[in-house]
Amino acid sequence: MKTMKTTMIALALIVTASFAYGSGNVKLNMNQTEADKAFVEISNVELTQFEIKVEDVYGDVIFSKKTMEPAANYKKKYDFSALEDGTYVLSVKSEKETNRTKFQIDRSEISILEERKVVEPYFAMDGNIWKMSYLNFPMEKTNLYIYDGDQLVYSKSIDPTFAIHKGLDFSKLFPGDYQIVFTTPQDIFEHDVTVN
């Protein structure tokens, strides 16, 4: 019995480790090349499609593009001369990973203000046990909520740590549909659970 427990724990750690190491592979670099122009380079360890967006601080999309073919690298010079001075966000999404670079344009000069990497959490249901893993690249405080319809039935604040692993036992809850909401200061992730 002890050997079986040890094997199960080792298997759980292997699954968690493969999730942790299989994420966070996209790199985004943005460098000004000349007035109002920046060279954007995206690289990934595997072939994938990229969704590229430029938004203003209000979330209005100024530019959007999805690569046609899967690629490991993408390079392009972008001309921002039509944009007014202000703050913008360049985001690159590849499968479950999003990289955001907040930049400012001030009199034709482009400066990087902040870079942020977010990998969507992994959610799974194993019998009555709900499990979640999340790589907290920004090292932010996060929150976990469970709703039964509009009613909040559980909430937990999670202190900043890089690898967040949580599990919840749903066996004591009444049968029905529940919504799990995991939040960071800038992102909201949702997962639906049905208890029979």
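Predicted model: local features only at pLDDT ≥ 70, side-chain atom pairs only at ≥ 80, totals over all residues.
**Figure 1. The open sheet β1-β2-β5.** Three strands make up this open sheet, arranged in the order β1-β2-β5 with antiparallel pairing. Its edge strands are β1, spanning residues 27-34, and β5, spanning residues 71-79, each of which pairs on one side only. On average, and with direction ignored, neighbouring strands of the sheet are turned by 15° against each other.

**Figure 2. The stacked rings of Tyr78 and Phe80.** Across the whole structure, a search finds 11 aromatic pairs. One of them is formed by Tyr78 and Phe80, whose rings are stacked, with 6.3 Å from centre to centre and 15° between the planes. Tyr78 has a relative accessibility of 7% and therefore counts as buried, and Phe80, with a relative accessible area of 5%, is buried as well. Ring pairs also link Phe63, Tyr78, Phe80, Tyr88 and Phe103 into a cluster, and the charged end of Lys76 sits over the ring of Tyr78, at 5.8 Å from the centre of that ring.

**Figure 3. The ring pair of Phe182 and Phe189.** The ring centres of Phe182 and Phe189 lie 6.4 Å apart, and the pair counts as stacked because the planes meet at 25°, where the cut-off for stacking is under 30 degrees. Both partners, Phe182 and Phe189, are buried.

**Figure 4. Lys117 over the face of Phe137.** In this view a lysine is shown together with an aromatic ring: Lys117 lies over the face of Phe137, at 5.7 Å from the ring centre.

Figure 5. When its neighbours within four places in sequence are left aside, Ser157 is in contact with Lys141, Thr142 and Asn143. Tyr145 stands 12 residues from Ser157 in sequence, and the C-alpha atoms of the two residues are 8.9 Å apart in space.

**Figure 6. The protein as a whole, as a setting for the close-up views.** The protein contains one helix and 15 strands, and buried residues account for 35% of its 196 residues. Among contacts between residues at least 6 apart in sequence, 50% join residues that are at least 24 apart. The accessible surface of the protein amounts to about 12,100 Å², and 52% of this surface belongs to carbon and sulfur atoms.

Terms used. Residues numbered from 1 in each chain as written. Heavy atoms only, no water. Helix = DSSP H or I, 4+ residues; strand = E, 2+ residues; numbered from the N terminus. Buried < 20%, exposed > 50% of the residue type's maximum accessible area, 1.4 Å probe, protein only. Contact = heavy atoms within 4.5 Å. Areas by Shrake-Rupley, 256 points an atom, 1.4 Å probe, with all protein chains shown as cover. Phe/Tyr/Trp six-rings, centres within 6.5 Å; stacked < 30°, edge-to-face > 60°. Lys NZ or Arg CZ within 6 Å of the ring centre and 35° of its normal. Pairing = 2+ DSSP bridges. Axes fitted to C-alpha atoms, helices over the stretch in contact; angles between N-to-C directions.
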